[in-house]
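Me: Please take a close look at the aromatic ring pairs in this model. I would like the exposure of the paired residues alongside the geometry.

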Amino acid sequence: MRKSLRTAAVLICLLPALARTVAAGPYQDDLKARRARAMEKLGTDSVAIFWSAPPRVYSLDVNYEYRQDSNLLYLTGIDQEDTVLLLMPGNPAKKEILFVREADARREHWNGHSLTPKEAAAASGVETVLTMNQFEPFVISTFSRQGTPSIGADETRAFGDALAQGRATLAVLLDAPRTLSDAPGPAGQFAGRLRDRFFGFHVVDAGPILAELRQIKTPYEQTVLRKSVAISSDAHRAGMRAAAPGKWEYEVEAAIEDVYLRNGAMSWGYPSIVGSGPNATILHYQKSGRQMQAGELLLVDAAANYQGITGDITRTYPVSGRFSPVQRDVYEIVLAAQEAGIKAARAGNQASAIQNACDEVLRAGLVKLGLVTDATGMQFKVWATHGVTHWIGMDVHDVGVRGKALAPGMAFTIEPGIYVREAALDALPKTPENLAFIERVRPLVQKYKDVGVRVEDSFLLTETGVENLSGSVPRTIAEIERFLSTPSTARR
Ligand SMILES: [Mn+2]
């Protein structure tokens, strides 16, 4: 009796300490605020369910490095398999419920520690954490309006009333079907099974709500983004130091990714693109298997995933340290296009204003080089083949609301490029106009053949204007040539 009293006293002392670990710091505060904003948009008649990503097989019994679902990571910060977040904005107290996998000594011996509910609560700031074996019973009791003993029978009453009145909503992340015969994804299938058994609700896609939230970076996310892009910028400078005639593309890739890991990045944000000579004209070249030759350009598109946020940076530079006149011609157009894009990146403008500003410079420049004969139309897209801006964040091509005007907190790239590939002419439909065009530009294509240039930086729009987060990586011809001519040990 005495002993158990003492235990009780110890427990009482521990409780306030526990409560403190549940709101552990600025990251947890930010995660809470993200969930609160999501719940505000979901409304009190809804329940939203977010699942962790499944593990992906690399080969046989080896998996790829685990990559958490971006939306779950955005809402919880939990980078662990078998995790589900359930939001019930109508509950009086327990609006957020996290489910994590049960302890398993054998699995943890092989694969490492799993977060206990207490640890998951501290990491995410979600106060109510249950184990995965309670997930289905929780959902069934909620949708059958039986009350949910695991969090208190009264908690889910508002949702039960909404179900009874036929106005409840189930929000999950639905994949856009490519064809009507495509099976829905796991979340869609789960929603379908619930609809087969229960009534009074309709299913909505939570994707647009998350896209809208993720498009505006919180101050906490902005700090992480700055750090992430700073690591990637260091990595690009290390790559520039590693490039030289006779070196292999993979040596540059190794120098870049070395910087990621040394600075505590989780991984790359996307596989590094390191393309020399003709490979510079392959947009997603990933083999990094070629030996660089003197006189060629090297195009490097690479960025780290640091704490779940990735920037996006591309630099193109001469392997021998100096641009040839032909390379310089193309580089100057691309750089001028990027400058025009940066000027258009103002709050209130559409993202399409950036695209249009870049396009105008690219088109005029290509006309001047003779690679384009039509000074007004879209012919220049033969050489400037991709869009010049996209959102960045948890995903390198991050989610956002189409058509929403640029606003403080938005982060994006500006990345014009020109790629002169002889094969691009062969791919044109053989119309009389195209045949005339091919005839006229053929000699210029010979002159500029295999020149691929992209200049890409990561930008953040703030209250004071647009900020180039990767501006420390040499970018102008003068900056690049100066950097590459400085002895390696002195280049920083
Ligand atoms: Mn990009």
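Reply: Trp248 is partly exposed, at a relative accessible area of 29%. This is a predicted model. Tyr250 is also partly exposed, with 44%. Both values fall between the 20% and 50% cut-offs, hence the label.

The count of aromatic pairs comes to 14. Trp248 and Tyr250 form one of them: the ring centres are 5.7 Å apart and the planes meet at 15 degrees. Planes under 30 degrees apart count as stacked, so this pair is stacked.

Phe323 and Tyr331 make up another pair. Here the centre-to-centre distance is 4.9 Å, and 55 degrees separate the planes. That angle makes the pair tilted. An edge-to-face label would need over 60 degrees. Phe323 has 6% relative accessibility and counts as buried. Tyr331 is buried as well, at 0%. The cut-off for buried is under 20%.

Trp248 with Tyr250 is stacked, and its members are partly exposed. Phe323 with Tyr331 is tilted, and its members are buried.

Ring pairs also build a cluster. Its members are Trp51, Phe99, Phe135, Phe138 and Phe190, joined through such pairs.

Conventions
Residues are numbered from 1 along each chain as its sequence is written. This is a predicted model: local features need pLDDT of at least 70, side-chain atom pairs count only at pLDDT 80 or more; totals for chains, interfaces and linings use all residues. Side-chain values use heavy atoms; hydrogens and water are left out. Rings of Phe, Tyr and Trp (its six-membered ring) pair if their centres lie within 6.5 Å; planes under 30 degrees apart count as stacked, over 60 as edge-to-face and the rest as tilted. Buried means under 20% relative accessible area, exposed over 50%, partly exposed in between (1.4 Å probe, protein chains only).
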